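Visitor: Hi! Could you walk me through how the chains in this model meet?
Guide: Happy to, let's have a look.

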Number of protein chains: 2
Amino acid sequence: MRVRWAFEEVGRRYDVRLVTFEAMKAPAHLARHPFGQIPTLEDGDLTLFESGVIVLHIAERWPGRLPVDADARAGAIAWMFAALNTVEPPILDRQTAMFLERDKPWFEARLAEVDDRIRVRLDPLSAYPDGGDWLDGAFSAGDLMMVHTLQRLTMSGLSEKYPTLIAYIARAEARPAYRRAFDAQAAVFAMASH
Amino acid sequence: MRVRWAFEEVGRRYDVRLVTFEAMKAPAHLARHPFGQIPTLEDGDLTLFESGVIVLHIAERWPGRLPVDADARAGAIAWMFAALNTVEPPILDRQTAMFLERDKPWFEARLAEVDDRIRVRLDPLSAYPDGGDWLDGAFSAGDLMMVHTLQRLTMSGLSEKYPTLIAYIARAEARPAYRRAFDAQAAVFAMASH
């Protein structure tokens with residue numbers, strides 16, 4: 001979804017090749033992704049793995065979603081790293097717990113602790129999209145990454161206490177580029193369930 | 001340490017301003033870092049937070065530690081993201097458990113599960129620095145980030161089963177730039193303990 005959204009934001013067409021769980025661990029895919037995961041990107045002779053660098057590559061290769069000024073650009077990229085390395089880790093920790101630790105005796109007690117760590121991130125973050133629409137000036141690849149990270153919390157109810165973040169996510173989801181990416185992604189799931 | 005090492009690799013001098021735990025949460029520092037953490041970088045008018053983008057900025061601003069060719073450069077940056085977003089999360093999960101969950105009834109059982117998740121990352125990674133000295137050609141900011149990530153495992157004993165990774169870390173630690181950064185960092189701790 002991150003990669004689709006990034007392509008839509010810069011107005012580029014892309015082709016999608018779906019990969020089965022089995023194919024992800026096969027040599028052809030491992031040559032593209034050392035850890036056997038998705039997504040990967042093929043752009044001419046370049047093959048990339050890791051959604052962070054793929055979104056960064058798209059935003060650097062085509063104009064519109066990173067500032068032109070070098071300092072402002074670094075600031076937007078800082079928000080990408082903040083999304084991935086400061087905000088997302090406890091959120092992924094929660095998702096891992098929901099998937100893998102639900103039947104463990106420690107599940108509920110630990111979940112409460114993980115949720116506290118998530119709130120430590122959301123508290124300061126919620127002050128940011130308040131002044132303007134986005135984290136730092138115009139919508140950037142940093143917002144794309146942050147919104148997608150925050151969307152992982154939708155089912156948890158944790159973000160509901162932060163009206164500025166809820167509004168921020170809603171603004172992003174109202175973007176035509178987001179809608180196009182979402183519809184394309186939803187179509188894949190609909191197709192796969194037939 | 002990551003930022004010191006990056007500066008040493010590109011041969012730039014830098015000044016260090018230490019920040020107390022109290023100062024980290026004060027307005028002056030929060031203006032530099034929304035989440036009240038370290039490190040931050042000040043370079044002319046630019047202020048950056050997040051070690052990932054700081055190392056990326058240093059490696060892009062001064063030559064030597066990212067390939068010049070655009071595709072090769074993207075590949076090196078992919079390894080930076082892989083270090084931070086694929087390899088480091090379960091390692092940080094382990095560190096968090098060691099710090100915050102040691103006295104929990106679930107500690108030992110959960111640690112074993114986290115260790116399994118770490119091995120799932122180390123298994124494929126260990127194939128990489130084998131053919132050459134580094135992950136992908138010459139030493140890059142991707143190696144810097146990966147080595148520093150793997151160093152977090154030193155006390156765990158988990159990396160000992162991977163001779164190629166142990167040798168890879170040792171090669172990085174033998175670099176003069178690493179030694180200079182390490183000595184400078186150690187001097188701070190020595191000073192602070194007086």
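Guide: In this predicted model, 39 residues of chain A are in contact (heavy atoms within 4.5 Å) with 39 residues of chain B. Local features need pLDDT of at least 70 and side-chain atom pairs pLDDT 80 or more, while totals for chains, interfaces and linings use all residues. Residues are numbered from 1 along each chain as written, chains are lettered from A in the order written, and side-chain values use heavy atoms, without hydrogens and water.

Visitor: What area is buried between chain A and chain B?
Guide: About 3,500 Å², with carbon and sulfur atoms giving 65%; that is the accessible area (1.4 Å probe) lost on putting the two together, summed over both. A:Phe35, A:Phe81 and A:Trp106 supply 20% of what chain A buries there, more than any other three residues.

Visitor: And how many salt bridges cross the interface?
Guide: The rule (a Lys or Arg side-chain nitrogen within 4 Å of an Asp or Glu carboxyl oxygen) finds 8. One of them joins A:Lys104 and B:Glu113, at 2.7 Å from N to O.

Visitor: Which element gives the largest share of chain A's side?
Guide: That's α5(A), with 15 residues.

Visitor: Switching topic, which residues have the most contacts inside the largest nonpolar core?
Guide: A:Met146 and B:Met146, in a core of 108 residues. Such a core is a set of buried (under 20% relative accessible area, 1.4 Å probe, protein chains only) Ala, Val, Leu, Ile, Met, Phe, Trp, Tyr and Cys residues joined through side-chain atoms within 4.5 Å.

Visitor: What does A:Met146 touch?
Guide: Beyond neighbours within four places in sequence, its contacts include A:Trp79, A:Leu135 and A:Tyr168.

Definitions and conventions
Helices (H or I, at least four residues) and strands (E, at least two) are DSSP runs, numbered from the N terminus. Buried means under 20% relative accessible area, exposed over 50%, partly exposed in between (1.4 Å probe, protein chains only).
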